[in-house]
Amino acid sequence: MRVTFLLIVCLLPLIYGEKFHLPALDKLDEHIGNLWSKFKTGYGFVYNTPVEELQRFNIFNENVKMILQHNLEEDLGLHTYRLGINQFAALSNEEFRKTMNGYRRQKNDRNQDVRSQQIPISPYVAIPVSVDWRDQGIVTPVKDQGQCGSCWAFSTGQHARSTGKLVSLSEQQLVDCSTNWGNEGCNGGLMDNAFKYVHDNKGIDDNVTYPYLAQDGTCKFKRKAVASTCDSFVDIPSGVYSDPECSSEDLDHGVLAVGYGTLKDATKAKQDYYIVKNSWSENWGDKGYLKMARNKKNMCGIATAASYPVVTDKTTIKDLLT
């Protein structure tokens, strides 16, 4: 039996989900207090001191101004996506990158031996116009990495497809156990290192046996519980993300591509996109997903370091599926 991970792990630089009714930009001063109260109540934020709350309010105010200005420009056709408020709106860009982005790209890639540089396209296979693996029931629900820079683990351990069995793999095991393979737990890591760890370890637990804690811990891997083996975001609730300033080389976040398609809009040119699954909960983006521009000069480096593993351990998979 040959089992493959069908979804490609992709890397993105920081890019900035519409759950709040936003006022017009020139009316923001009249409504910012009420908007701030709804933000705190909606996400359960309580600040320890008046000084801390004032600091967060000022950041929130500036982020809302940026969102409103961007959406005004989108109305004029200057952008292909809209922005909105989510749970990160009271964080500065620097705080957000430090807390939520954990991809650590290595200049000297130690895993060239396990990575194929190119997958040839067969002239005998017709490529579908669009693909969405969510429609096939082989994508696990969107998860939340919490205050831990473990995006690399979530884009590694999302799921596998076999004979109809969906497996949610343990991100916490990767956080706890793959440090000797070059990863740093909540301080960041690399998907290829995680794939190599699972290969060398001859397996990884499922998420039920080894649940996620959003913090570094000691390795608790149990051989008998193996589930599989292998050989700028503020919020983007709608539209196709495309930004000429988004670097294709300066990568700091790992996500999962689960499909692709083309958006046809009567007021805009058609827009090719990838369907990208994030790990910042369903409150972010379009229920945890976004559409990233495709065929547009490798937007945000989505194809710069894409990778996937191939599962080949017949015994373990057979035991798992019976």
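Which pattern do the disulfides of the protein chain follow, with bonded cysteines counted along the chain? The pattern is 1-3, 2-4, 5-6, and the structure holds 3 disulfides (a disulfide being a pair of cysteine sulfur atoms within 2.5 Å). The model is predicted, so to speak only of what it can carry, local features need pLDDT of at least 70 and side-chain atom pairs count only at pLDDT 80 or more, while totals for chains, interfaces and linings use all residues. Residues are numbered from 1 along each chain as its sequence is written, and side-chain values use heavy atoms, with hydrogens and water left out.

Take Cys-148 and Cys-186, with sulfur atoms 2.0 Å apart. The torsion about their S-S bond is about -95 degrees, so this disulfide is left-handed. Cys-148 sits in the loop between β4 (131-132) and α4 (151-156) and Cys-186 in the loop between α5 (171-177) and α6 (191-201), so the link ties together parts 38 residues apart in sequence. Helices (H or I, at least four residues) and strands (E, at least two) are DSSP runs, numbered from the N terminus. Both Cys-148 and Cys-186 are buried, meaning under 20% relative accessible area, with exposed over 50% and partly exposed in between (1.4 Å probe, protein chains only).

Cys-177 and Cys-219 also pair up, at 2.0 Å between sulfurs, and with 95 degrees about the S-S bond this link is right-handed. Cys-177 is buried at 9% relative accessible area, whereas Cys-219 is partly exposed at 44%.

The pair Cys-246 and Cys-300 has its sulfur atoms 2.1 Å apart and is right-handed, with 120 degrees about the S-S bond. Here the loop between β9 (238-241) and β10 (253-263) holds Cys-246, the loop between β12 (289-293) and β13 (310-311) holds Cys-300, and the two are 54 residues apart. Cys-246 is buried at 11% relative accessible area, and Cys-300 is buried at 0%.

And what about Cys-151, how far is its sulfur from the closest cysteine sulfur? That sulfur belongs to Cys-148 and is 9.3 Å away, too far for a bond. Cys-151 is buried, at 0% relative accessibility.
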